[in-house]
Amino acid sequence: MPTSGVSGASNSGYHYERTYTLEAPSKELTTTDFMKLLAAQLRYQDMTNPMSNSEMMSTMTQMSSISAMNSMTQSVTNMTGATNDVLMVNMTSYATGMMGKEVTIALVDDDGKATGEKITGTVEGVSLFEGTPMVYVDGKGYPLSQVMSIGEVKDKEESDDKVEGGQDSSGNESTEGNQNQEVSQA
């Protein structure tokens with residue numbers, strides 16, 4: 001016998017769909033989960049062979065240890081955050097102290113590797129870009145990590161003022177010259 005559609009149902013043009021969001025189960029055992037497992041173990045234990053007092057104390061001690069470790073982990077996390085905040089304040093203060101000073105900046109390529117080139121200029125401004133202090137020289141921003149020197153720093157070739165004969169450029173005898181003279185006199 002053929003059947004017809006359900007009477008009383010109308011097609012009003014509305015269509016409802018239920019959607020569910022499923023979260024991945026946590027891989028961590030929380031204190032609440034631990035207590036649920038302990039309660040289930042006590043509820044379904046064998047009445048002829050109940051859990052011993054030492055097993056119960058061992059379980060409670062483990063729960064207490066886990067709670068203490070979680071608390072300590074949270075404290076270390078909070079301390080790390082505070083330390084990072086202090087570090088950021090110090091770096092920002094350091095960067096603002098460069099305002100108006102001549103600096104030498106190491107240039108880097110797109111991968112962040114030093115190119116061997118450098119520029120020298122006066123720090124015109126400082127900003128915090130994505131949490132990193134940036135110094136601005138000649139209108140361009142450079143991370144604080146690229147600052148090689150502040151002020152005028154002589155290159156190694158410029159600071160090597162020694163001349164032949166054991167005297168430096170000011171006419172004073174150097175210790176190397178004195179040692180050579182003592183050896184030749186002996």
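1. A polar contact here is a pair of N or O atoms within 3.5 Å, and within protein one of them must be able to donate a hydrogen and the other to accept it. Please keep in mind that this is a predicted model. With that cut-off, the side chain of Gln146 makes such a contact, reaching the backbone oxygen of Ala106 at 2.6 Å.

2. As for its setting, Gln146 sits in the loop that runs between β4 (140-143) and β5 (147-150). Gln146 counts as buried because its relative accessible area is 12%, which falls under the 20% limit. Leaving aside residues up to four places away in sequence, Gln146 touches Thr104, Ile105, Ala106, Leu107 and Val108.

3. The largest nonpolar core has 11 residues, among them Ile105, Leu107, Val137, Tyr142 and Val147. Two elements, β1 (102-108) and β3 (132-137), each give two or more residues to this core, and β1 gives the most, with three residues. In soluble globular proteins, nonpolar side chains tend to be buried together.

4. Which residues form a nonpolar patch on the surface? They are Ile66, Met69, Met72 and Val76, which together have about 370 Å² of accessible area. Ile66 belongs to helix α2 (residues 53-96), and Ile66 counts as partly exposed because its relative accessibility is 33%.

Terms used. Residues numbered from 1 in each chain as written. Predicted model: local features only at pLDDT ≥ 70, side-chain atom pairs only at ≥ 80, totals over all residues. Heavy atoms only, no water. Patch = residues over 30% accessible without salt bridge, like charges linked within 9 Å, V, L, I, M, F, W, Y side chains within 5 Å. Areas by Shrake-Rupley, 256 points an atom, 1.4 Å probe, with all protein chains shown as cover. Salt bridge = Lys/Arg side-chain N within 4 Å of Asp/Glu carboxyl O. Helix = DSSP H or I, 4+ residues; strand = E, 2+ residues; numbered from the N terminus. Buried < 20%, exposed > 50% of the residue type's maximum accessible area, 1.4 Å probe, protein only. Contact = heavy atoms within 4.5 Å. Core = buried A, V, L, I, M, F, W, Y, C linked by side-chain atoms within 4.5 Å.
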